[in-house]
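Welcome! Let us take a friendly walk through a protein model, one region at a time. Have the sequence and the picture ready as you read.

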Amino acid sequence: MQICNNIGTNKNGHLTFAGFDTVALAKKYGTPLYLMDESKIREKMRAYKSAMKAYFPDGSMPLYASKAASFKHIYKIASEEKIGIDVVSVGEIFTALKSGYDLATAYFHGNNKTDEEIEFAIRHNVGHFVIDSIGELEAVDREAEKQGKIQRVLLRITPGIDAHTNKKIATGNVDSKFGVAIATGQAEEFAADALKYKNIEISGYHCHVGSQVFDAEPFVDAVDIMMDFAHRVKEKYGYEPEILNLGGGFGVRYVASQPELDIKNSIKDVAKVLYRKCSELGMNIPKILMEPGRSIVADAGMTLYTVGSVKEITNFKNYVAIDGGMTDNPRYTLYDAEYTVITASKATLEPKYRCSVVGKCCESGDIIQENVHIAKPERGDIIAVLTTGAYNYSMASNYNRIAKPPIVMLRGSEDYVAVKRETLDDLIRNDI
């Protein structure tokens, strides 16, 4: 079942990914194995960059949302493609820094930045903080003064939008741990207070409506609400934003029943409303930032596993157990996330075998996908789970003392290791 144009089959009946035989890759590198299609990552980065250049004001650009997958090589790619990054911890900042990424185009998020993180970020010249609360404003101002710097910031505003997504990945509602709500009047107070700090320069506003959004409507609504808010602040306090960051959240196709996002036309639709709204309000048109993460790397990823057992419970259920699971992909456990699963070593056979694909952890909830149809596997066959480039490696754990898989990048005719497989020694490295 093809859900992306970098997937196919070959004469051996094996699944191919980015032109590579997945069974051969599993044999070469072992399993579990994360694969990443570098050409697909670059293609998506360029799609956002070109659409935003075409439809938004000069200086608008995408920021890669690091939380989707953070490792040194992804920042090298972002740097080469000349896009910004969104980071949410000192660990992501450090990884980007060590990759050689210029942090001037990094935007530091998070609803609870510690004093140590604030000090580190300012010391290493992170371009912008996305400020989440009054308390953070005070802490950033204090540290900027200590370091003799003026820190540029965006104010995170909660627009009160329901993006109709899973409640665990919705962020735009009034009741959210992120940002300051417009509906309560607190966002206006937030902006007024922020203008008083001497060591802070406000570049504009940030909002985020949620994840797995398949159309432009929530972003259009966000523009409408945020520009009305910006206009009220301008009328009362004389401040007009240079930047409006609309966040991320565009969806990706995990299964065939889901739609395919049209990045270019979605951005075009948002731009039309932005220009019309600014004209109606008599406002300057701000530069637009967006924070795609999942939609850049998700379908650039695939995870390969080896089947350990096939268990058939008569009149009940069939289980296919693999050598990975919730340690390398916890998303089904967290969100009931859908995935396309294929028996990679029998990819041309009809997928008639109904089963649940389960992991090796000592947990009944260690499930990759329930009640899927695949070609019936046997011990030693390779199972591929598609569209795993986002929130798999980044959410991976060592539960049950299981080592994390490597990341192998695929580029043209070259395959190379970007992140090494963890070893048993790695598991006890910090034990005393």
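## Strand β9 and its partners

Let us begin with strand β9, which pairs with strand β10 (residues 180-181) in the parallel sense over two bridges. Here, threonine 158 stands opposite alanine 181 of β10. Two strands are said to pair if DSSP finds at least two bridges between them. The names come from DSSP runs, numbered from the N terminus: helices are H or I with at least four residues, and strands are E with at least two. In general, strands of a sheet pair through backbone hydrogen bonds, either parallel or antiparallel.

Before going further, please note that this is a predicted model, where local features need pLDDT of at least 70, side-chain atom pairs count only at pLDDT 80 or more, and totals for chains, interfaces and linings use all residues. Residues are numbered from 1 along each chain as its sequence is written, and side-chain values use heavy atoms, with hydrogens and water left out.

Which other strands pair with β9? Strand β8 (residues 128-131) and β9 form a parallel pair over four bridges, and valine 130 has leucine 154 of β9 as its bridge partner. Strand β11 (residues 200-206) also pairs with β9 in the parallel sense, over six bridges.

Is β9 largely enclosed or largely open? Seven of the eight residues of β9 (residues 151-158) are buried, so the strand is largely enclosed by the rest of the structure. Buried means under 20% relative accessible area, exposed means over 50%, and partly exposed lies in between (1.4 Å probe, protein chains only). There is also a helix to find: β8, helix α6 (residues 134-147) and β9 make a right-handed β-α-β unit. A crossover is right-handed if, with the strands pointing away from the viewer, the path from the first strand over the helix to the second runs clockwise.

Now look at helix α3 (residues 72-80) and helix α4 (residues 90-99), whose axes come within 8 Å and cross at roughly 65°. The axes are lines fitted to C-alpha atoms, for helices over the stretch in contact, and angles run from 0 to 180 degrees between N-to-C directions. The crossing of α3 past α4 is right-handed. A crossing is right-handed if the near helix is turned clockwise from the far one by less than a right angle, and left-handed if anticlockwise.

Which residues make the contact? From α3 come Lys72, Tyr75 and Lys76, while α4 brings Glu92, Thr95, Ala96, Lys98 and Ser99. Contact means heavy atoms within 4.5 Å. The residues of this contact divide into two nonpolar, two polar and four charged. In this scheme Ala, Val, Leu, Ile, Met, Phe, Trp, Tyr, Cys and Pro count as nonpolar, Asp, Glu, Lys and Arg as charged, and the others, Gly among them, as polar.

## A three-stranded sheet

Next, find the open sheet of three strands, in the order β1-β2-β3 with antiparallel pairing. β1 (7-9) and β3 (20-21) stand at the edges with a single partner strand each, so one side of each is left without a neighbour in the sheet. β1 is joined to strand β2 (residues 15-17) by three bridges, and threonine 9 stands opposite leucine 15 in β2.

## A buried methionine

Methionine 302 has its place in strand β14 and, at 0% relative accessibility, counts as buried. Methionine 302 and phenylalanine 17 are 285 residues apart in sequence, yet 8.0 Å apart in space, C-alpha to C-alpha. Leaving aside neighbours within four places in sequence, the contacts of methionine 302 include Ile7, Leu15, Phe17, Tyr34 and Leu386.

## Backbone details in the loops

In the loop between α1 (22-29) and β4 (33-37) you will find proline 32. The peptide bond leading from threonine 31 to proline 32 is cis, with omega near -10°.

Asparagine 315 has a positive phi of about 70° although it is not a glycine. Asparagine 315 lies in the loop between β14 (301-313) and β15 (317-322) and counts as exposed at 76% relative accessibility.
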